[in-house]
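Open the model in your viewer and keep the sequence panel beside it. This tour tells you what to select at each stop and what you will find there.

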Amino acid sequence: MKAPFPWFGGKSTVANAVWRRLGSPKQYIEPFCGSAAILLAAPTPASLEVIGDANCYVANFWRALKLQPDAVIAAQDYPVSHIDLFARHRWLTEPSRVATLRDALLDPEWPGDAKIAGWWLWGQCAWIGDGWCAGPVANGESLGKIPATTSGHGVSALSLGPAAARDVRAWLDALSARLSRVRVLHGDWRRCLGMSANYDAGDVAVFLDPPYEGFEALYSESAITAQAAAAWARENEGSRIALCGHIGDYEMPGWSVMEWSRLRTSFGSAKTKDAECIWFSPGCLPDAPAQASLFGGAS
């Protein structure tokens, strides 16, 4: 199962390799979920699954899709249009609207805003590269980037017509069902890590994919969290923890390392595609020696 939108730094191509090391934990936590690629690739869902993201649009999308799938499906159904892409970008990033969304997400019983979720999904698939909903539009700003005019991304990559509409509904309905028991949080990444997890028991798996150092702005968040996440990981290395970054980002003594090459897409830079790295804690399951370094992704 895949996310219905592209995401900068997504890990879908190495998900299988990650799960070989995480195994089948009783609890799974993904504090920087983005497209939730690792969660969605889990061979067997854990008894307790927690995902979170500081990006309010991401957290709202997963919550609204989980609780209001029909409304989200209706809101995302719209043809790709340059002027509409700009208009919705401006509407979605209006400061007071963003503040209201952030406040509402702090209420765990709030079902999310389906219109914002659908419009954000539509734009995330139509936008080229980074910058979608990254900040408010300045007065007098031009229409900005043109939308993807080829095959598109995510749900917009499906063909047009009634069959495609059925495919989108089936895709999003399946995702909604998959998320039915997943806890979706918003805010600081540490909030996910306090969800009654017994890190000393060895049956908790944590996938840490913080904004990489020097690339924080691509995620619409300014807080530098990479080294803080690495420090937390070292303190809890008895659990099954995977930590993502670029080669050389962290000092993780006693951890195993998997280098891999990311396929270049419009949501990834060719300059760093061969610099991807995942550190696995001593608490992770062993992997076959041939999997110590993967180039071109994992199967």
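Before the first stop, one term: buried means under 20% relative accessible area, exposed means over 50%, and partly exposed is in between, using a 1.4 Å probe and protein chains only. Helices (H or I, at least four residues) and strands (E, at least two) are DSSP runs, numbered from the N terminus. This is a predicted model, in which local features need pLDDT of at least 70 and side-chain atom pairs count only at pLDDT 80 or more, while totals for chains, interfaces and linings use all residues. Residues are numbered from 1 along each chain as its sequence is written, and side-chain values use heavy atoms, with hydrogens and water left out.

**Stop 1: helix α3**

Select residues 56-67, which make up helix α3. This helix is mostly covered, with 10 of its 12 residues buried. Among them are Tyr-57, Phe-61 and Trp-62, along with Asn-60 and Arg-63. The expected span is 1.5 Å times one less than the number of residues. At the start of α3, look for a side-chain oxygen of Asn-55, within 2.9 Å of the backbone nitrogen of Tyr-57.

**Stop 2: the cores**

A nonpolar core is a set of buried Ala, Val, Leu, Ile, Met, Phe, Trp, Tyr and Cys residues joined through side-chain atoms within 4.5 Å. Which members of the largest one touch the most other members? Select Phe-5, Tyr-28, Tyr-57, Phe-61, Trp-62, Trp-120 and Ile-278, out of 63 residues in this core. Helix α7 (residues 114-126) gives the most to this core, with nine residues. Apart from it lies another core, of 23 residues, including Phe-32, Trp-189, Leu-193 and Met-252.

Go back to Tyr-28 and show its contacts (heavy atoms within 4.5 Å). Leaving aside neighbours within four places in sequence, they include Trp-19, Leu-22, Ile-38, Val-50 and Phe-207.

**Stop 3: helix α1**

Next, select residues 15-22, helix α1, where six of the eight residues are buried. Trp-19 and Leu-22 are among those six. The buried residues of α1 pack against several elements, including β1, α2 and β4 (204-208). Just after the helix, Gly-23 takes a positive phi of about 70°.

**Stop 4: two residues with positive phi**

Ala-36 sits in the loop between β1 (27-30) and α2 (37-40). Its phi is positive, about 55°, although Ala-36 is not a glycine. Is Ala-36 buried or exposed? It counts as buried, at 0% relative accessibility.

Cys-133, in the loop between α7 and α8 (162-178), also has a positive phi, near 55°. Cys-133 is buried, with a relative accessible area of 4%.

**Stop 5: two loop residues**

Stay in the loop between α7 and α8 and pick Lys-145, which is partly exposed at 35% relative accessible area. Its C-alpha atom is separated by 8.9 Å from that of Leu-85, 60 residues apart along the chain. Not counting residues up to four places away in sequence, Lys-145 touches His-82, Trp-127 and Gly-129, among others.

Finish at Ser-81, in the loop between α4 (69-76) and α5 (82-92). Ser-81 is buried, with a relative accessible area of 19%. Beyond four places in sequence, Ser-81 touches Trp-122 and Pro-147.

Key:
A polar contact is a pair of N or O atoms within 3.5 Å; within protein, one must be able to donate a hydrogen and the other to accept it, and residues adjacent in sequence count only if both atoms are side-chain atoms.
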